[in-house]
Amino acid sequence: MASLGLWLARRTHGTGGGAAFGYAGGQAAVMFGFAFVCVVETVAMSVLLSNWPRVHAVVLFLDVYTVVFVIALHAASVVRPHVLDPGVLRVRRAVHVDLRIPLERIASVRRELRMTHEKAEGELDLAVGSQTTVTVQLTEPVVHVTFLGHRREVRVVRFHADDADGLVRTLGARIAAAPPLGDGV
């Protein structure tokens with residue numbers, strides 16, 4: 001619900017001075033469609049339960065809460081974009097994923113549209129609308145901690161970005177400009 005407040009205030013979470021790359025555009029139509037269906041269901045239940053005021057009040061509260069919750073889920077994705085800071089790429093997905101990848105661990109980044117994602121060891125797929133648009137290969141694994149605290153190492157990260165070309169171009173330039181490991185500079 002805090003994300004809903006940030007969204008209404010047109011603020012973002014955790015972007016600081018970094019370059020932000022959104023990913024919520026790929027899910028916006030589905031989320032607002034789902035919210036619309038929930039509103040229709042709220043109206044239908046109000047008509048059906050009009051003769052039972054207590055039941056109507058309870059169901060109305062739950063229906064309104066569901067609509068607000070669906071919009072808040074979308075807001076969580078809007079206010080928490082991927083962030084490219086000077087030394088780290090933060091790949092995020094709403095409040096569930098916040099993976100920090102040091103730039104020196106990135107071997108390559110490419111624009112790659114994928115519509116299917118098979119589960120594989122050492123890979124993290126953060127699809128939005130069943131697709132990913134950016135693939136990041138790592139030189140050494142980073143630890144991904146799931147929402148419930150499970151830890152696993154990943155070497156390939158695939159995620160969606162609304163401006164995938166811009167993210168790949170900016171990230172590629174930062175990687176190319178970074179001094180090689182072991183320079184001691």
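Phe69 has its place in helix α3, where helices (H or I, at least four residues) and strands (E, at least two) are DSSP runs numbered from the N terminus. This is a predicted model, in which local features need pLDDT of at least 70 and side-chain atom pairs count only at pLDDT 80 or more, whereas totals for chains, interfaces and linings use all residues. Residues are numbered from 1 along each chain as its sequence is written, and side-chain values use heavy atoms, with hydrogens and water left out.

**Aromatic pair and surface patch**

- Phe69 is partly exposed, with a relative accessible area of 39%, on a scale where buried means under 20% relative accessible area, exposed over 50%, and partly exposed in between (1.4 Å probe, protein chains only).
- The structure holds 1 aromatic pair, a term used for rings of Phe, Tyr and Trp (its six-membered ring) whose centres lie within 6.5 Å, with planes under 30 degrees apart counted as stacked, over 60 as edge-to-face and the rest as tilted.
- Tyr65 and Phe69 make up this pair, which is stacked, with 6.1 Å from centre to centre and 25° between the planes.
- The two residues are 4 residues apart in helix α3 (residues 53-79), so Tyr65 and Phe69 are separated by about one helical turn.
- Tyr65, with a relative accessible area of 44%, is partly exposed.
- Both Tyr65 and Phe69 belong to a nonpolar surface patch that also includes Met1, Val58, Phe61, Leu62 and Leu73, and that has about 710 Å² of accessible area together.
- Patches are made of residues with over 30% relative accessible area and no salt bridge, like charges being joined within 9 Å and nonpolar side chains (Val, Leu, Ile, Met, Phe, Trp, Tyr) within 5 Å; the accessible areas come from the Shrake-Rupley method with a 1.4 Å probe, and for residues only the protein chains shown count as cover.

**Nonpolar cores**

- The largest nonpolar core has 24 residues, and those with the most contacts inside it are Leu89, Leu99, Ile101, Val134 and Phe159; such a core is a set of buried Ala, Val, Leu, Ile, Met, Phe, Trp, Tyr and Cys residues joined through side-chain atoms within 4.5 Å.
- Two or more residues of this core come from each of the elements β3 (88-93), β4 (97-102), β5 (106-114), β6 (123-126), β7 (132-145), β8 (151-159) and α4 (164-177).
- Apart from this core lies another, of 5 residues, among them Met31, Ala35, Cys38 and Val70.
- Not counting residues up to four places away in sequence, Phe159 touches His82, Leu89, Val91, Leu126, Thr132, Thr133, Val134, Val136 and Leu167, a contact being heavy atoms within 4.5 Å.

**Loop residues**

- Arg10 lies in the loop between α1 (2-8) and β1 (19-21), has a positive phi near 60° although it is a residue other than glycine, and is exposed, with a relative accessible area of 76%.
- Ser130, in the loop between β6 and β7, also is not a glycine and has a positive phi of about 65°; at 52% relative accessibility Ser130 counts as exposed.
- Most residues other than glycine have a negative phi.
- Gly87 is found in the loop between β2 (82-84) and β3 and counts as partly exposed at 40% relative accessibility.
- Leaving aside neighbours within four places in sequence, Gly87 is in contact with Ile101, Pro102, Leu103 and Glu104, while Gly87 and Ile175, which are 88 residues apart in sequence, are 9.6 Å apart in space, C-alpha to C-alpha.

**Salt bridges**

- The structure holds 6 salt bridges, each defined as a side-chain nitrogen of Lys or Arg within 4 Å of a carboxyl oxygen of Asp or Glu.
- Arg90 forms a salt bridge with Asp98, the closest N and O atoms being 2.4 Å apart; Arg90 counts as buried at 6% relative accessibility, whereas Asp98 is partly exposed at 38%.
- Arg111 and Asp165 meet through their side chains in a salt bridge (3.0 Å, N to O), and this pair links distant parts of the chain, with Arg111 in strand β5 and Asp165 in helix α4, 54 residues apart.
- Asp125 and Arg158 likewise meet in a salt bridge (3.1 Å, N to O); Asp125 lies in strand β6 and Arg158 in strand β8, so the pair ties together parts that are 33 residues apart in sequence.
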